[in-house]
Amino acid sequence: MKFLKIIAWLSLVGLIVIQFFPITLNESDTVPQSDFMVVNQVPATIKNRLQVSCYDCHSNNTDYPWYSKIQPAAWYLEDHIQEGKDELNFNEWAEYSDRRKNSKLRSIISQIEEDKMPLDSYTLIHRDAILSDEDKRMIIDYMTALKDSLE
Amino acid sequence: MKTVKRTIGTMALAAIMVLTVSCKDGSKNEPAAPMSNEMHQESMDDKDDMAMNENQDAKAEAILKDYFNLKDALVGDDNDKAKELGATLASTLGSFDASSYSDSEQQDLKDIMEDAIEHAEHISESDMAHQREHFKILSKDVTDMVAITGTEMKIYEQFCPMYDNNKGGAWLSMNEEIRNPYFGDKMLKCGKVQREIN
């Protein structure tokens, strides 16, 4: 019993200590000229859907939820955002070569078709990020048209 | 009282587990991984440099060799082997040196390599269906690379019209005989030779 008590105290102290580890926030005031929405003529409805459902992890500006203030949740988010941006950063769209744009669009389409994105762990809390069948069809059609225009 | 203590204890244990896991992840990600990667790449470079003296296109040939190995793993429906070979190909692609080519060729090659590396990396961490999806675009990248670098090998460009919801998929092979990397055992012989290189 004593042993458990020590562990309880240690973990409590541990939890408090890690609260002081800062994370680098993925935030930016400006939308760069290379942004997907700036470069392409994106209809307003699609723009809005992408912003809400994708941009938190696939751009340089995340709209952070309340639990991002608490460790270890913040580390978990930081990891996900980094990974998301490595795969696709909408803010850097114009910097991708046509070949890579093509690959990215292909992946966007298949990820949405297969319901892999947005992630379940994300939509669990961000209910507004869930794409309806209509949203999906709209985005896929738009991305397909964009892809065809590149080829 | 006893139960309260027990619950606190379990919660604490859970918290510690979360902690240790995240700490481990952190330390693993930082120094170890990039170091070993660098070392690996360095030794690759050395090897390639040596080969380079003997043969100008050694690097393109090395990429083709890794690509064919990957293709064979997909033909054999071998997910794990394809993962391994995808990683090998990614590092070979990463060590490609385009400096002997003209400026515009260098730009094209850079675009090709960037794209191909990404697909090879994805292949190294995906299930079969995804590996094949990425292999389709990777095949286009490698074909475009060969158009610039050329090769000593005799290569066949082959095509299966049924893959990807009948949009079709092409690949390169050293053998004229069809062995389909997109369907594997399911339709091993679907496809035809589309073009011969060399």
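Helices, of at least four residues, and strands, of at least two, are taken as DSSP runs and numbered from the N terminus. On this basis, the predicted model shows chain B following the pattern α-α-α-α-α-β-α-β-β along its sequence. The secondary structure of this chain therefore comprises 6 helices and 3 strands under the DSSP assignment. Chain B has 198 residues, of which 28% count as buried. Among the contacts in chain B with a separation of 6 or more, 59% are accounted for by residues 24 or more positions apart.

The strands of chain B form an open sheet of 3 strands in the order E2-E1-E3, with antiparallel pairing. Strands E2 (169–173) and E3 of chain B are the edge strands, each pairing on one side only. From one strand to the next, the twist averages 25°. Strand E1 (residues 155–160) of chain B is joined to E3(B) by 5 bridges, and the two run antiparallel. The pairing of E1(B) with E2(B) is likewise antiparallel and extends over 5 bridges. B:Gln158 illustrates both pairings: its bridge partner in E3(B) is B:Val193, and in E2(B) B:Trp171 stands opposite B:Gln158. In a regular strand, side chains alternate between the two faces of the sheet.

Helix H5 (residues 128–149) of chain B lies across E1, E2 and E3 of chain B and runs at about 50° to E2(B).

In chain A, the packing of helix H7 (residues 133–150) against two other helices was considered. Two packed helices are described by the angle between their axes and the distance between the axes. Helix H5 (residues 98–113) of chain A packs with H7(A) at an angle of about 160°, the axes being 10 Å apart. Because angles over 145 degrees count as roughly antiparallel, H5(A) is described as roughly antiparallel to H7(A). The crossing of these two helices is left-handed. H5(A) contributes A:Asp98, A:Lys101, A:Asn102, A:Leu105, A:Arg106, A:Ile108, A:Ile109, A:Ile112 and A:Glu113 to the contact, which meet A:Lys136, A:Ile139, A:Ile140, A:Met143, A:Thr144, A:Leu146, A:Lys147 and A:Leu150 in H7(A). By class, this contact has 9 nonpolar, 2 polar and 6 charged residues.

Helix H3 (residues 44–53) of chain A also approaches H7(A): their axes come within 10 Å and cross at roughly 105°. H3(A) is therefore roughly perpendicular to H7(A), as angles of 65 to 115 degrees are assigned to that category. The contact involves A:Thr45, A:Ile46 and A:Arg49 from H3(A), together with A:Asp135, A:Met138, A:Ile139 and A:Tyr142 from H7(A). Its residues comprise 4 nonpolar, 1 polar and 2 charged. A:Ile139 is listed for H7(A) in the contact with H3(A) and in that with H5(A).

The loop between H3 and helix H4 (73–87) of chain A contains A:Asp63. This residue is exposed because 11 other C-beta atoms lie within 10 Å, and a residue with 12 or fewer is classed as exposed. A:Asp63 and A:Gly84 are separated by 21 residues in sequence, and their C-alpha atoms are 14 Å apart in space.

Technical notes: Residues numbered from 1 in each chain as written. Chains lettered and ligands numbered in written order. Predicted model: local features only at pLDDT ≥ 70, side-chain atom pairs only at ≥ 80, totals over all residues. Axes fitted to C-alpha atoms, helices over the stretch in contact; angles between N-to-C directions. Parallel < 35°, antiparallel > 145°, perpendicular 65-115°, else oblique. Contact = placed C-beta atoms within 7 Å. Nonpolar A, V, L, I, M, F, W, Y, C, P; charged D, E, K, R; others polar. Buried ≥ 20, exposed ≤ 12 C-beta atoms within 10 Å, placed from the backbone. Left-handed = near helix turned anticlockwise from the far one by under 90°. Pairing = 2+ DSSP bridges.
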